[in-house]
Amino acid sequence: MIDRETVKIFVDEWKERGSEKSDAQSFWLDLIHALGVDRPTKFIQFEVPIDVADHKCFIDGWIPATKVLIEQKGCGIDLDKPARQSDGKFLTPFEQALRYAEALPYSGRPRWIVVCNFVEIRVYDMDQFHRRRDDNYAPNKIAVERLPHEFSRLNFLIDPNDENVDPSIKISKQAGEIVGLIYRSFEGATMKGAPPSLPPSTGGAQPRSACPPRVDGALFSMLRVAAAVPNLECRRLLVDALRQRRRDRARIFSPAQL
């Protein structure tokens, strides 16, 4: 189990420092240990040799269990700036990692590519990248200093079944679950002619006053619950969904019912 304090110790230890040559392995061993892996040296491989265009190259880090390829740069290195490679080509760190990935057998290609400069971790979901493969794809960016608050976004490093690196996806799923509960409650309220009652699992407070047995009354109560959701993005998604529900019902019910 990941401990927030352990992650904070890691962040404090590596704050604004790190050499690509001398610190990369220690950094990743410390990070993986902070994420709950007892024997990180058995979990990650370093300097994995690979042949690229008749040149011998080395993958900085490779995690076989989760198929993560890591390209590490020094502290403060611009991750968007191309650098000259051994064959004379100029590539960004991600393009360099992608070149390594495409030189691997299909069965051994990475599910994730991670580019890091000790200050920022960029995560490329290769499933999404290959589906879109255009300028609109953007990696998930995680500031190392924010890891004590966002360490769950790195679970994909150690758990092949965890893909929640993008926080907006998790928020959307949570919003969908709450909207589902609200809709079911809404249906019960409009069918029975009574104000809705949300299940305790939603964490929402019940309306203080009774609502009239009308569609508007039910929706008004739902909106009050949505407004109490602490996460701003989740709250916005809920309110938008309820407004759409109101428009849908307007096409079904008579003006007297609305």
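**Overall architecture**

Residues 24 or more positions apart account for 51% of those contacts in the protein that have a separation of 6 or more. The model is a predicted one. It contains eight helices and eight strands. Of the 258 residues in the protein, 44% are buried.

**The six-stranded sheet**

- An open sheet is formed by six strands in the order β1-β2-β3-β6-β7-β8, and its pairing is mixed.
- The edges of this sheet are β1 (45-52) and β8 (140-143), each of which pairs on one side only.
- On average, and with direction ignored, neighbouring strands of the sheet are turned by 30° against each other.
- Strands β7 and β8 are antiparallel and pair over four bridges; in β8, Lys141 is the residue opposite Arg122.

- Strand β6 covers residues 112-116 and is mostly covered, as five of its five residues are buried.
- Trp112, Val114 and Cys116 point one way from β6, while Ile113 and Val115 point the other way; all of these residues are buried.
- On one pairing, β6 runs parallel to strand β3 (residues 68-72), to which five bridges join it. Here Glu71 is positioned opposite Val115 of β6.
- On another pairing, β6 runs antiparallel to strand β7 (residues 120-125), again with five bridges. Val114 faces Val123 of β7 across this pairing.
- β6 and β7 form a hairpin with three residues between them, and Phe118 in the turn has a positive phi of about 75°.

- Helix α3 spans residues 93-102; eight of its 10 residues are buried, so the helix is largely enclosed by the rest of the structure.
- The buried residues of α3 are Pro93, Phe94, Gln96, Ala97, Leu98, Arg99, Tyr100 and Ala101.
- This helix lies across β1, β2 (55-63), β3, β6 and β7, and runs at about 140° to β3.

**Aromatic pairs and charges over rings**

- A pair of aromatic rings is described by the distance of the centres and the angle of the planes.
- The count of aromatic pairs in the protein comes to 10.
- In one of these pairs, the ring centres of Trp112 and Phe156 are 4.7 Å apart and the planes are at 45°, so the pair is tilted.
- This pair links distant parts of the chain: Trp112 belongs to strand β6, whereas Phe156 lies in the loop between α5 (147-150) and α6 (167-192), 44 residues apart.
- Trp112 counts as buried because its relative accessibility is 3%, and buried means under 20%.
- Phe156 is likewise buried, with a relative accessible area of 2%.
- The ring of Trp112 also has the charged end of Arg111 over it, 4.3 Å from the ring centre.

Technical notes
Residues numbered from 1 in each chain as written. Predicted model: local features only at pLDDT ≥ 70, side-chain atom pairs only at ≥ 80, totals over all residues. Heavy atoms only, no water. Buried < 20%, exposed > 50% of the residue type's maximum accessible area, 1.4 Å probe, protein only. Helix = DSSP H or I, 4+ residues; strand = E, 2+ residues; numbered from the N terminus. Pairing = 2+ DSSP bridges. Contact = heavy atoms within 4.5 Å. Phe/Tyr/Trp six-rings, centres within 6.5 Å; stacked < 30°, edge-to-face > 60°. Lys NZ or Arg CZ within 6 Å of the ring centre and 35° of its normal. Axes fitted to C-alpha atoms, helices over the stretch in contact; angles between N-to-C directions.
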